[in-house]
Amino acid sequence: MPFACIVWLKLVSFAHTSFDMRAIAKSIDKENAPSISLNADNSYDANFKSLVYFMVAPTLCYQSSYPRNASIRKGWVVRQFVKLVIFTGFMGFIIEQYINPIVQNSQHPLKGNLLYAIERVLKLSVPNLYVWLCMFYCFFHLWLNILAELLRFGDREFYKDWWNARTVEEYWRMWNMPVHKWMVRHIYSPCLRNKIPKGVALLISFLVSAVFHELCIAVPCHMFRLWAFIGIMFQVPLVVITKFLQNKFQSSMVGNMIFWLFFSILGQPMCVLLYYHDFMNQKGKTESK
């Protein structure tokens, strides 16, 4: 399902960018503007070869050409791949040894004792945080760089220092740069061009993100609970709150602490418990039939 979403995002970018490039090509009048000419960056040259390269490149935003490296560092690729295998195994170890026992010995967080549910969430937060950080390192730092190196793809800005984000808005701008650039280019900026207020454009961007997060969980699990959707949309008030606090206490990291508390310590473990118990309940009802 994530792969299907990635393909869809890439095709949307290809269609939008090709449309814009055709519009640019048609708008240039050589007689009235002889000094303007199409260069490699804005000429319309959509062909099958460029589409194939774009579909496998570690980016979601199409353009006719990308910065390319001169060669492939084979030894570097091998070292990164070894790291990828090691940290993937480490993730599996944490899941099997720590997360699975905690989840299996828990109750549904919305149907049991409140204090017990809080204790389970806090106990799950530490191993869940380790898995989340390993997943980030494996995918954004190792896999995308390996793919970029094999394709000689020059733009390696897959993330920024999101762990230092002072507001939730900063986190979403720095955590996943390929998706962030796609959102800005194909959702946020078109909204602004159509005179939609910035706040509404931001809300629409989060809405699109929430839909894709829910799809990536609901479709593989064959259940529709909206927990991921609600979790993403809950980021909108957190954006407002952390931005207000950052403006009020400019020298503090209160927004960063709120981000780590609600997103990593409470939010993700709660979603894990909710989806696990809903999935097991659904599975039990299906087997009983």
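**Close-up views of a predicted model**

**View 1. Helix α1 and its buried residues.** In this predicted model, the buried residues of α1 are C5, L9, K10, V12, S13, F14, T17, S18 and M21. They pack against three other helices, α2 (48-56), α6 (177-193) and α7 (198-221). Helix α1 covers residues 2-27, and its end C-alpha atoms are 37 Å apart. The 26 residues should span 38 Å at 1.5 Å a residue, so the two values agree.

**View 2. Surroundings of T59.** T59 is located in the loop that runs between α2 and α3 (74-104). Its relative accessible area is 14%, which is under the 20% limit, so T59 is buried. Apart from neighbours within four places in sequence, T59 has contacts with K10, F54, Y66 and F153. Two of these residues also interact through a charge and a ring: the charged end of K10 sits over the ring of F54, 4.5 Å from its centre.

**View 3. R73 over W76.** Here the charged end of R73 sits over the ring of W76. The distance to the ring centre is 4.6 Å.

**View 4. The annotated position H213.** The unreviewed UniProt entry lists H213 under "active site". H213 belongs to helix α7. Its relative accessibility is 35%, and therefore H213 counts as partly exposed. Leaving aside neighbours within four places in sequence, H213 is in contact with A228 and I232.

View 5. The whole structure contains 33 aromatic pairs. One of them joins W162 and W260 in a tilted arrangement, with 5.8 Å centre to centre and 40° between the planes. W162 is in the loop between α4 (114-150) and α5 (168-174), whereas W260 is in helix α10 (residues 254-288); the two are 98 residues apart. W162 counts as buried because its relative accessibility is 2%. In the pair of W172 and F206, the ring centres are 6.1 Å apart and the planes are at 90°, so this pair is edge-to-face. W172 lies in helix α5 and F206 in helix α7, so the pair ties together parts 34 residues apart in sequence. W172 and F206 are both buried.

**View 6. Spans annotated as transmembrane.** The unreviewed UniProt entry places "transmembrane region" at residues 81-99, 129-151, 200-220, 226-245 and 257-276. In the model, residues 129-151 are 96% helix and 0% strand, with end C-alpha atoms 32 Å apart. Residues 226-245 are 90% helix and 0% strand, and their end C-alpha atoms lie 29 Å apart.

Conventions: Residues are numbered from 1 along each chain as its sequence is written. This is a predicted model: local features need pLDDT of at least 70, side-chain atom pairs count only at pLDDT 80 or more; totals for chains, interfaces and linings use all residues. Side-chain values use heavy atoms; hydrogens and water are left out. Helices (H or I, at least four residues) and strands (E, at least two) are DSSP runs, numbered from the N terminus. The expected span of a helix is 1.5 Å times one less than its number of residues. Buried means under 20% relative accessible area, exposed over 50%, partly exposed in between (1.4 Å probe, protein chains only). Contact means heavy atoms within 4.5 Å. UniProt positions are given in the numbering used here, feature names are shortened, and annotations may be inferred rather than shown by experiment. Rings of Phe, Tyr and Trp (its six-membered ring) pair if their centres lie within 6.5 Å; planes under 30 degrees apart count as stacked, over 60 as edge-to-face and the rest as tilted. A charge sits over a ring if NZ of Lys or CZ of Arg is within 6 Å of the ring centre and within 35 degrees of the ring normal.
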